[in-house]
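Student: Could you take me through one part of this model closely? I'd like to know how it is packed and what holds its surroundings together.

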Amino acid sequence: MADDMADTVRTHGHDTHETMVFGGVYGAVLASSMVAALTQYGYASPARRRYDALWLLVTAGASALAHGYAHYIAERTPHRRWDALRALRDEWSLVAAVVPTVVVLAGAGWGWWPANGVEYPAFVLNIALLFALGLLTARRAHRSWAAALLVGMLDALLGLVVVVANALIK
């Protein structure tokens, strides 16, 4: 009977790796989508790239908060004190996944590289992140290298779809 109650009070059914992978994939796709949307009209100034970096970071934070809150309210179990904060903390990987793209955009804004055309390295970075997450997850699940490479390529394809959609929209 006590074990049944302990199961009822448990809050999250997600392990750390699952949370990291989910947030990483979500964050990489979000970053690519945001870069595509923010660079819709082509040329961008350094000031615009700094703005884009900040906007991406704010969007990732808002997405993490919304997703963590959705997990919290969707669980149909009694909650303990601080469970809401734990649900939000579990979304750290979503924000972490956009940080490389934020650095690329901010770096262009600070003059480290040209502000125009920086979306292409950002896309490549996010596609590589998706590939790595797919590969590592498949290997962690004891898949063969061939299967892991296939999973990584399929995950990267998700990022490529965003890039192609961006090209078609422009």
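Tutor: Happy to. Let's start with helix H7, whose buried residues pack against helix H2 (16-38) and helix H6 (119-140); packing here rests on contact, meaning heavy atoms within 4.5 Å. Helices are DSSP runs of H or I with at least four residues, numbered from the N terminus. Please keep in mind that this is a predicted model, where local features need pLDDT of at least 70 and side-chain atom pairs count only at pLDDT 80 or more, while totals for chains, interfaces and linings use all residues. Residues are numbered from 1 along each chain as its sequence is written, and side-chain values use heavy atoms, with hydrogens and water left out.

The buried set in H7 is Ala 148, Gly 152, Ala 156, Gly 159, Val 162, Val 163 and Asn 166. Buried means under 20% relative accessible area, exposed over 50%, and partly exposed in between (1.4 Å probe, protein chains only).

Now turn to H6, one of the partners of H7. Its 22 residues should span 32 Å, and the 31 Å between its end C-alpha atoms agrees. Glu 119, Ala 122, Phe 123, Asn 126, Ile 127, Leu 130, Leu 133, Gly 134, Leu 135 and Ala 138 are its buried residues, and their cover includes H2, helix H3 (46-74), helix H5 (92-109) and H7. Just after H6, His 142 has a positive phi of about 65°.

For a view from H2, look at Ser 32, which lies in that helix. Ser 32 counts as buried because its relative accessibility is 0%. Setting aside neighbours within four places in sequence, Ser 32 touches Phe 123, Asn 126 and Val 162. With Asn 126 there is a side-chain to side-chain polar contact of 3.4 Å, that is, N or O atoms within 3.5 Å, where within protein one must be able to donate a hydrogen and the other to accept it, and residues adjacent in sequence count only if both atoms are side-chain atoms.

Finally, the charged pairs: the whole structure has 3 salt bridges, each a side-chain nitrogen of Lys or Arg within 4 Å of a carboxyl oxygen of Asp or Glu. Arg 48 is partly exposed at 36%, whereas Asp 52 is buried at 0%. Arg 49 also bridges to Glu 119, with the closest N and O atoms 3.1 Å apart. Arg 49 sits in H3 and Glu 119 in H6, so this pair ties together parts that are 70 residues apart in sequence. Through shared partners, Arg 48, Arg 49, Asp 52 and Glu 119 form one salt-bridge network.

Key
Helix = DSSP H or I, 4+ residues; strand = E, 2+ residues; numbered from the N terminus. Expected span 1.5 Å × (residues − 1).
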